[in-house]
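Morning, everyone. I have one model to walk through today. Let me put it on the screen.

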Amino acid sequence: VIIPNSVTSIGDGAFKNCSSLKSVIIPNSVTSIGAYVFSNCSNLEEIEIPNSVTTIGDDAFSSCSSLEEIKIPNSVTTIGKGAFSYCSSLEEIKIPNSVTTIGEYAFADCINLESVIIPNSVTSIGESAFNNCSSLESVIIPNSVTTIGEYAFEDCSLESVIIPNSVTIIDEGAFENCSSLESVIIPNSVKTISARAFYKCSFLEEIKIPNSVTSIKDYTFADCILLESVIIPNSVTTIGEYAFADCILLESVIIPNSVTSIGESAFNNCSR
């Protein structure tokens, strides 16, 4: 498809389910790519997005399973919900400095995605943004990000994570089932580590909980089977249900006088 220069916007679902479509050239006249525009174009291999485009809509390229690479231009400020979800052949993505928000499920189930560059312009990584990117081994979260959304990196192959000082919230299930995660640095800026944030991070051997955290939520570190010792800081008042359940190698726990409540089965099956 060659879209002529007279077109300024591509409406919702314009080429959805065009399974034989292989190549698209979008002209500089286009400023917006709507929702579901190329969704389920399973043979789409090549597309050029011009610098005129500012918005990539929800699910715009979802299930474009033959798309191996895509260049997002510096003009784009918003990557919509599920924009590149289920692009199973996509291996690498560079998000430009113009983007401030990575939407929910934006790259979810991109199972061959190995590398992601997130620029300093991004302030929010949405819910399940990289969920089930099972080949994703490394990611650098920039100092601009304040919130890591729910299940943002669930089921990824991350081996190490450095969370910058800008982050205040690690949301529910953010790194759940990152079974290769060995090392994580949580800064003092983090005030909330939500439920299931590191649930089933089975290679995690140690964790330092910063003094800024006041509560360890339900299942936060449950099933971290290689975790051997934990020091809970004086800032913590509550340890939630199943917080460290099934941490079968956990030998040492220091609980400070600040803790007033230890939840049901908080240390269940910590057999050491």
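Let me start with a question: is Lys 81 buried, partly exposed or exposed? Lys 81 is partly exposed, because its relative accessible area is 41%. For the cut-offs, buried means under 20% relative accessible area, exposed means over 50%, and partly exposed is in between, with a 1.4 Å probe and protein chains only.

Some ground rules. This is a predicted model: local features need pLDDT of at least 70, side-chain atom pairs count only at pLDDT 80 or more, and totals for chains, interfaces and linings use all residues. Residues are numbered from 1 along each chain as its sequence is written, and side-chain values use heavy atoms, with hydrogens and water left out.

Now the overall picture. The protein has 21 strands and zero helices. Both come from DSSP runs, numbered from the N terminus: helices are H or I with at least four residues, strands are E with at least two. The C-alpha trace spans about 70 × 30 × 25 Å along its principal axes. There are 272 residues, and 50% of them are buried.

Back to Lys 81, and its partner. Lys 81 forms a salt bridge with Glu 104, with the closest N and O atoms 3.9 Å apart. The cut-off is a side-chain nitrogen of Lys or Arg within 4 Å of a carboxyl oxygen of Asp or Glu. This pair links distant parts of the chain, 23 residues apart: Lys 81 sits in the loop between β6 and β7, Glu 104 in the loop between β8 and β9. Glu 104 is also partly exposed, because its relative accessible area is 34%. As a general point, side chains of opposite charge can pair when their charged atoms come close.

How many salt bridges does a search of the whole structure find? Two. The other one joins Arg 196 and Glu 176, at 3.0 Å from N to O. Again, the pair links distant parts of the chain, 20 residues apart. Arg 196 is in the loop between β16 (192-193) and β17 (215-216), and Glu 176 is in the loop between β14 (169-170) and β15 (183-185). Arg 196 is partly exposed, because its relative accessible area is 25%. Glu 176 counts as buried, because its relative accessibility is 7%.

Next, pockets. The search runs on a 1 Å grid over the protein atoms alone; a pocket is an open set of points with protein on both sides within 12 Å along at least five of seven lines, and lining residues have an atom within 4 Å of a point. Grid points are joined across faces, edges and corners, and a volume is the space filled by probe spheres set on the points.

The largest pocket has a volume of about 440 Å³. Its lining holds 20 residues. Nearest the centre are Ile 70, Lys 71, Ile 72, Pro 73 and Lys 94. Which strand gives the most to this lining? β7, with three residues. β4 (46-48) and β7 (92-94) each supply at least two. By type, the lining divides into 10 nonpolar, three polar and seven charged residues. Here nonpolar is Ala, Val, Leu, Ile, Met, Phe, Trp, Tyr, Cys and Pro; charged is Asp, Glu, Lys and Arg; polar is the others, Gly among them.

The second largest pocket comes to about 280 Å³. It is lined by 15 residues, and closest to its centre are Ile 207, Lys 208, Ile 209, Pro 210 and Ile 231. β18 (residues 229-231) gives the most to this lining, with three residues.

Now backbone angles. Most residues other than glycine have a negative phi, and most peptide bonds are trans. Asp 59 has a positive phi, near 55°. Ser 63 has a positive phi too, of about 65°. Asp 59 lies in the loop between β5 (55-56) and β6 (78-79), and Ser 63 is in the loop between β5 and β6 as well. Asp 59 counts as buried, because its relative accessibility is 16%. Ser 63, at 25%, counts as partly exposed.

Last stop, the surface. Val 253, Ile 255 and Ile 262 form a nonpolar patch, with about 220 Å² of accessible area together. Patches are made of residues with over 30% relative accessible area and no salt bridge; like charges are joined within 9 Å, and nonpolar side chains (Val, Leu, Ile, Met, Phe, Trp, Tyr) within 5 Å. Accessible areas come from the Shrake-Rupley method with a 1.4 Å probe, and for residues only the protein chains shown count as cover. Ile 255 is in the loop between β20 (252-254) and β21 (261-262). Ile 255 counts as partly exposed, because its relative accessibility is 37%.

That's the tour.

How values were computed: On a 1 Å grid over the protein atoms alone, a cavity is a set of points where a 1.4 Å probe fits but cannot get out, and a pocket is an open set with protein on both sides within 12 Å along at least five of seven lines; lining residues have an atom within 4 Å of a point.
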